[in-house]
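Subject: Structure handover

Hi,

Here is the structure I promised to pass on to you.

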Amino acid sequence: MNNILKSVFISIFPVIALYYAIDSIVHLINHSVSYRYIGRLILASTIATFFLFLFIKPVARTDSNLKKHTISIAVGLLISLIFGGAIEQDIYGSLPSIGLFLGWVLYIKWYSTFEDRKKNTMLKIGSYLPELELQNIEKKRINTSKFIGNPSIFLFYRGNWCPLCMAQIKEIASQYKELEKRNVNIIFISPQSHGHTKSLAEKFNLNLNFLVDHKNKVAKQLHILSKNGLPMGFQTLGYDSDTVMPTVLITNSEGKIIFADLTNNYRVRPEPETFLKIIDTYTSK
């Protein structure tokens, strides 16, 4: 139920913010200047543009509390409450601003976070990655034992719909030459359809492994399933409601895990330099 609520929330909240941003602009154009609407415009437009730019100019990570955006949103709320409510003698008129602020807090503290993933003992550093059965874009079975013999980076991503995942994959692909020198296997794994995976693979003319976790079989095996983790409505684009929690594993040539990033926040992900550093540290031993 919690994930269903999150799914609905993330689909509705940005739309509500966009509505109030437009409504504030219209009001300020057609009526006298109002501190309440100025504050609401600052607040709502900050929220709306954050989500808009995630898709226009994707980033692979953010800070956990989105400090710059949160400061702007807090300023908008204060203007709406202190100046708007007091001067216009209508504190109830600031309720939309209060609602948007609370929605932002929910986004940061509730929606963005996962359960305590430290409980996942299967993917601890020093453990061997179990045999995993995946599929390539031609629906042929691929076992992860194929990659033993060289270090491997396994990146589990939510799907083409996730802008942070796409930015992270692009970062790793940009390091391809350096990783190739080190004979590193690069494996991207998602529960999305073979068609979506094929369209992503075709964007990169590199020896990368884009694999499909059909029906989240591997995600369940590794306890990294995000049930009902897809934003509501994205099912119409051909994605399944269940997805995977963003996860990065690096194994050595024997299949032993030497790095595991099980982030508790989908916006907080390792820097790309981390992977080269981990691999170089391992190979120098």
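Glu180 sits in helix α6 (residues 176–181); helices here are DSSP runs of H or I with at least four residues, strands are E runs of at least two, and both are numbered from the N terminus. With a relative accessible area of 44%, Glu180 is partly exposed. For that label and its neighbours, buried means under 20% relative accessible area, exposed means over 50%, and partly exposed is in between, using a 1.4 Å probe and protein chains only. From Glu180 to Gly238 it is 58 residues in sequence and 33 Å in space, C-alpha to C-alpha.

Before you go further, please keep in mind that this is a predicted model, in which local features need pLDDT of at least 70 and side-chain atom pairs count only at pLDDT 80 or more, while totals for chains, interfaces and linings use all residues. Residues are numbered from 1 along each chain as its sequence is written, and side-chain values use heavy atoms, with hydrogens and water left out.

Another partly exposed residue is Phe83, at a relative accessible area of 42%. Phe83 belongs to helix α3 (residues 67–87).

Now the pockets, which I expect you will want to open up yourself. Rolling a probe the size of a water molecule over the atoms shows where empty space is left. The search ran on a 1 Å grid over the protein atoms alone: a pocket is an open set of points where a 1.4 Å probe fits, with protein on both sides within 12 Å along at least five of seven lines, and lining residues have an atom within 4 Å of a point. Grid points are joined across faces, edges and corners, and the volume is the space filled by probe spheres set on the points.

The largest pocket has a volume of about 390 Å³. It is lined by 21 residues, and Ile10, Pro14, Phe51, Leu52 and Phe55 are the closest to its centre. Two or more lining residues come from each of α1 (2–30), α2 (35–56), α4 (95–111) and α5 (163–174), and α2 gives the most, with six. Sorted by class, the lining holds 18 nonpolar, two polar and one charged residues. In that scheme Ala, Val, Leu, Ile, Met, Phe, Trp, Tyr, Cys and Pro are nonpolar, Asp, Glu, Lys and Arg are charged, and the others, Gly among them, are polar.

The second largest pocket comes to about 280 Å³. Of its 17 lining residues, Asn3, Lys6, Thr113, Phe114 and Ser226 lie nearest the centre. At least two lining residues each come from α1, α4 and β6 (225–226), with α1 supplying the largest share, four residues. By class, this lining has six nonpolar, seven polar and four charged residues.

Back to α5, one of the helices at the largest pocket. This helix has twelve residues and spans 17 Å from first to last C-alpha, close to the 16 Å expected at 1.5 Å a residue; the expected span is 1.5 Å times one less than the number of residues. Nine of the twelve residues of α5 are buried, so the helix is largely enclosed by the rest of the structure. Among them are Pro163, Met166, Gln168 and Ile172. Cys165 is buried too, at 0% relative accessibility, and Cys162 also has 0%. The whole structure has zero disulfides, a disulfide being a pair of cysteine sulfur atoms within 2.5 Å.

Last, the strands. All five residues of β3 (residues 152–156) are buried, with Ser152, Phe154 and Phe156 on one side and Ile153 and Leu155 on the other. Strands count as paired if DSSP finds at least two bridges between them. β3 runs parallel to β4 (residues 185–190) over five bridges, and Ile153 has Ile186 as its partner there.

β8 (residues 247–251) is in turn joined to β9 by four antiparallel bridges, including the one between Thr251 and Ile257. These two strands form a hairpin with five residues between them, and Gly255 in the turn has a positive phi of about 90 degrees. Four of the five residues of β9 (residues 257–261) are buried, so this strand is largely enclosed by the rest of the structure.

Happy browsing!
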